[in-house]
Amino acid sequence: MGFGTGDPTSLMQELLRVTGGSAVIDGGLATELEANGANLNDPLWSARCLIDSPHLIRKVHLDYLEAGANIIISASYQATIQGFKSRGFSMKKGYPKESCDVNENKLTSKQQPILVAASIGSYGAYLADGSEYSGDYGKAVTKETLKDFHRRRVEVLAESGADLIAFETIPNKIEAQAYVELLEESNLKIPAWFSFNSKDGVCTVSGDPITECAAIANSCDKVVAVGINCTPPRFIHGLILLIRKVTNKPILIYPNSGETYDANTKEWVPTTGVSKEDFVSYIYKWHEAGASLIGGCCRTTPKTIGAISKALSQDHGAPQTFIA
């Protein structure tokens with residue numbers, strides 16, 4: 001925040017110019033909220049903390065900033081209007097708000113360019129029935145259904161003070177199309193990024209080819225970066241190469257730890273996953289393949305992000321000082 005040309009579509013290019021060609025996205029928010037004592041067993045997931053423990057959200061954001069993140073993602077992934085209404089909130093009363101003023105004096109001990117991305121999860125994330133991991137919403141859910149579901153939420157988050165909207169963990173082509181149409185039909189003053197999740201390194205979890213999905217994102221001028229999140233690290237390199245075939249926009253990647261999420265039990269299945277050291281060993285390869293925005297998703301921590309920040313700074317020299 002606090003820099004740029006005034007043209008929303010150039011926001012990401014300006015960030016990358018200031019940071020020397022690559023920037024760091026934060027890590028798993030829910031992972032760290034739970035590590036700090038939050039109970040996320042709730043349809044709102046991490047957005048529950050907007051109601052009962054906003055101080056934990058602030059603490060986790062600060063931990064990631066201290067670790068070297070240039071982009072922090074809000075706790076709004078499952079913060080839907082429909083979800084809050086089910087908890088007794090209304091448009092008249094207002095909804096919980098997230099606060100983390102990254103321009104506050106002495107907020108962190110570091111000085112780095114910082115952007116805030118307002119997270120929007122998929123329709124399946126709201127359903128909390130595992131369909132965000134399959135992309136199968138049934139034949140009754142059309143593109144218009146998805147646009148109607150997301151429209152007001154997008155408008156609210158676009159006016160929240162965030163620098164951009166992060167459409168995350170997009171599971172299928174139809175939801176990407178819905179997002180593009182919403183962006184093109186609206187008068188939003190901030191840009192967006194599109195981030196898909198993949199089941200096999202070739203397609204999204206729904207089976208739609210990642211190249212087709214990325215091409216949809218590429219078609220929209222308001223989309224300033226395209227990439228992948230919440231996907232095992234072993235698939236990322238190939239996905240970067242596929243995405244590069246259909247876009248010249250900055251490519252972002254923030255994989256999970258490599259563990260497997262069981263949508264039925266709503267738990268991560270214990271595996272060896274990827275250690276901080278192993279995760280970071282991929283960074284140079286991903287950067288060389290074309291990823292310029294790199295971070296972590298579920299089960300990654302500030303230690304992971306600190307290691308990514310260090311690796312990228314060694315790759316292109318120390319980032320420039322934050323322009324206040």
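**Reading cysteines, rings and a buried aspartate**

Tutor: Let's start with Cys203, which counts as buried at 14% relative accessibility. Buried means under 20% relative accessible area, exposed over 50%, and partly exposed in between (1.4 Å probe, protein chains only). This is a predicted model, where local features need pLDDT of at least 70, side-chain atom pairs count only at pLDDT 80 or more, and totals for chains, interfaces and linings use all residues. Residues are numbered from 1 along each chain as its sequence is written, and side-chain values use heavy atoms, leaving out hydrogens and water.

Student: How many disulfides does the structure hold?

Tutor: A disulfide is a pair of cysteine sulfur atoms within 2.5 Å. The structure holds 0. For Cys203, the closest cysteine sulfur is in Cys213, 8.4 Å away, so it is too far for a bond. Cys298 is buried too, at 10%, and its sulfur lies 3.8 Å from that of Cys230, again too far for a bond.

Student: What kind of aromatic pair do Tyr123 and Tyr126 form?

Tutor: Rings of Phe, Tyr and Trp (its six-membered ring) pair if their centres lie within 6.5 Å; planes under 30 degrees apart are stacked, over 60 edge-to-face, the rest tilted. The structure holds 9 such pairs. Tyr123 and Tyr126 are tilted, 6.2 Å centre to centre with 45° between the planes. Tyr123 is buried at 14%, while Tyr126 is partly exposed at 29%. Together with Tyr137 and Phe149, they form one aromatic cluster.

Student: What does the side chain of Asp163 reach?

Tutor: The side chain of Asp163 reaches the backbone nitrogen of Val116 at 2.8 Å.

Terms used
A polar contact is a pair of N or O atoms within 3.5 Å; within protein, one must be able to donate a hydrogen and the other to accept it, and residues adjacent in sequence count only if both atoms are side-chain atoms.
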